[in-house]
Amino acid sequence: MDVKITQTENKYDVVLNGRLDTTNADQFLKDINPLMEAANPDIEVDCTNMEYTSSQGLRMFLMLQKSVGSKGGKLVLKNMKAQVKEVFDITGFSSIINII
């Protein structure tokens, strides 16, 4: 999983590339940790090139959502491939995390 993060004021743009699973979830958590510590963060995650997420990946998104929500920010996932979106739908994460 390749993670690119850019920031403009209090908005973060995150671009994901690859698979998010147990082999790289710890690194993903390290990559997004500054976002979880930011005050009132608005985060937009571009999932165009995210190929797959496991339950561990879902857990990372849930942690990010809870952190952002507790600080008054917003998390949006966009451009998700159908097979990845299906995992979010089946697990009910689509009702927890804003996906456009």
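In which sense, parallel or antiparallel, do strand 1 and strand 2 pair, and over how many bridges? The views below are of a predicted model, in which local features need pLDDT of at least 70 and side-chain atom pairs count only at pLDDT 80 or more, while totals for chains, interfaces and linings use all residues. Residues are numbered from 1 along each chain as its sequence is written, and side-chain values use heavy atoms, with hydrogens and water left out.

**View 1. The hairpin of strand 1 and strand 2.** Strand 1 (residues 2-8) and strand 2 (residues 11-20) pair in the antiparallel sense over seven bridges, where pairing requires that DSSP finds at least two bridges between two strands, and where helices (H or I, at least four residues) and strands (E, at least two) are DSSP runs numbered from the N terminus. V3 has L16 of strand 2 as its bridge partner. Two residues lie between the strands of this hairpin, and E9 takes a positive phi near 55 degrees.

**View 2. The β-α-β unit of strand 2, helix 1 and strand 3.** Strand 2 pairs with strand 3 (residues 42-53) in the parallel sense, over nine bridges, and R19 stands opposite Y52 of strand 3. Together with helix 1 (residues 25-37), these strands make a right-handed unit, a term that applies if, with the strands pointing away from the viewer, the path from the first strand over the helix to the second runs clockwise.

View 3. Beyond its neighbours within four places in sequence, F61 is in contact (heavy atoms within 4.5 Å) with residues including L16, F28, M50, L77, F88 and I97.

**View 4. M36 in helix 1.** M36 counts as buried because its relative accessibility is 13%, the limits being under 20% relative accessible area for buried, over 50% for exposed, and partly exposed in between (1.4 Å probe, protein chains only). Residues up to four places away in sequence not counted, M36 touches L29, M63, L64, S67 and K71.

**View 5. N40 in the loop between helix 1 and strand 3.** N40, a residue other than glycine, has a positive phi near 50 degrees, and is partly exposed at a relative accessible area of 39%.
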